[in-house]
Amino acid sequence: MSRKPKLYYFNGRGKMESIRWLLAAAGVEFEEEFLETREQYEKFLQDGSLLFQQVPMVEMDGMRMVQTRAILSYIAGKYNLHGKDLKERALIDMYVGGTDDLMGFIMMFPFFSAEDKEKQRAIIVQKATSRYFPAYEKVLKDHGQDFLVGNNFSWADVHLLEAILMVEEKKSDVLSGFPQLQAFKARISTIPTIKKFLEPGSQRKPVPDDKYVETVRRVLRMYYDLKVN
């Protein structure tokens with residue numbers, strides 16, 4: 001196996017994007033192999049690479065890991081981005097879990113029908129501004145520190161910045177009522193490894209387009225639009 005982590009997923013964001021973000025934040029170079037055909041996916045299924053028959057998959061340190069949260073947790077622990085003790089890890093996991101909930105609304109956005117996309121956009125903004133961003137704004141205001149946990153850069157900070165940028169793609173001024181998060185975004189974005197990942201030409205993936213959606217649908221045989229509940 002390659003010494004660099006190797007990521008197996010579609011050439012787009014999806015569940016792999018947070019893994020790309022965390023590796024980049026840790027300053028770790030990685031390689032990627034993109035799923036483009038049903039045959040590639042079936043080969044992984046047949047050789048037992050996908051324990052639960054799902055991607056993403058990451059080859060790293062002699063392991064083939066699946067399940068996004070497990071992969072992220074391993075990377076965070078390996079590169080000292082998961083807190084210094086159990087209490088800090090619990091807080092990081094709690095904040096990451098909240099951010100995951102918000103990102104879940106965004107991740108599936110490209111798979112809605114054109115009619116439902118505007119409804120989903122409104123739901124994303126509403127959830128962000130009424131539930132998730134106020135919580136993080138309060139955390140930062142209450143402890144007055146630069147980072148979410150222990151005044152040290154962690155997985156929670158990386159995940160939150162990723163989520164903020166994703167919501168801003170849906171509404172550019174979404175942080176207008178959150179001064180703490182505005183300062184947080186500016187601060188985290190200047191960390192050298194993050195700054196590098198945000199620059200053109202990095203392995204950060206763009207907003208999902210029709211080609212990405214069509215590839216995912218074809219490979220996973222997903223022939224339906226999601227509906228707003």
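**Domains and their interface**

Author: In this predicted model, residues 85-209 are 69% helix and 0% strand, and the end C-alpha atoms of that span lie 41 Å apart.

Reader: Which UniProt annotation covers residues 85-209?

Author: The span comes from an unreviewed UniProt entry. For residues 85-209 the annotation reads "domain: GST C-terminal".

Reader: What are the helix and strand percentages over residues 3-83?

Author: The end C-alpha atoms of residues 3-83 are 26 Å apart. The chain over this span holds both kinds of element, with 36% helix and 20% strand.

Reader: How far apart are the C-alpha centres of domain 1 and domain 2?

Author: The domain assignment gives domain 1 as 6-79 + 199-220 and domain 2 as 86-190. The C-alpha centres of these two domains are separated by 22 Å.

Reader: How much area do domain 1 and domain 2 bury between them?

Author: Carbon and sulfur atoms account for 68% of the buried area. On the side of domain 1, Ser18, Trp21 and Arg69 lose the most area to domain 2, together 35% of what that side buries. The area buried between the two domains is about 1500 Å².

Reader: Which salt bridge does Arg13 form, and at what distance?

Author: Two salt bridges are found across the interface of domain 1 and domain 2. Side chains of opposite charge can pair when their charged atoms come close. The side chain of Arg13 meets that of Glu169, with an N to O distance of 2.8 Å.

Reader: Which helix supplies the largest share of the side of domain 1 that touches domain 2?

Author: Three residue pairs are in polar contact across the interface of domain 1 and domain 2. At least two residues each on the domain 1 side come from α1 (17-25), α3 (68-78) and α9 (210-220). The largest share, five residues, comes from α1.

Reader: How many residues of the side of domain 1 that touches domain 2 are charged?

Author: The residues on this side of domain 1 also include 10 nonpolar and three polar ones. The number of charged residues there is six.

Reader: How many residues apart in sequence are the parts that Arg221 and Glu42 tie together?

Author: The side chains of Arg221 and Glu42 form a salt bridge at 3.6 Å, N to O. Arg221 lies in the segment after α9, while Glu42 belongs to helix α2 (residues 38-46), so the pair ties together parts whose separation in sequence is 179 residues.

Conventions:
Residues are numbered from 1 along each chain as its sequence is written. This is a predicted model: local features need pLDDT of at least 70, side-chain atom pairs count only at pLDDT 80 or more; totals for chains, interfaces and linings use all residues. Side-chain values use heavy atoms; hydrogens and water are left out. Domain bounds come from an automatic or database domain assignment. Buried area is the accessible area (1.4 Å probe) that two parts lose on being put together, summed over both. A salt bridge is a side-chain nitrogen of Lys or Arg within 4 Å of a carboxyl oxygen of Asp or Glu. A polar contact is a pair of N or O atoms within 3.5 Å; within protein, one must be able to donate a hydrogen and the other to accept it, and residues adjacent in sequence count only if both atoms are side-chain atoms. Helices (H or I, at least four residues) and strands (E, at least two) are DSSP runs, numbered from the N terminus. Ala, Val, Leu, Ile, Met, Phe, Trp, Tyr, Cys and Pro count as nonpolar, Asp, Glu, Lys and Arg as charged, and the others, Gly among them, as polar. UniProt positions are given in the numbering used here, feature names are shortened, and annotations may be inferred rather than shown by experiment.
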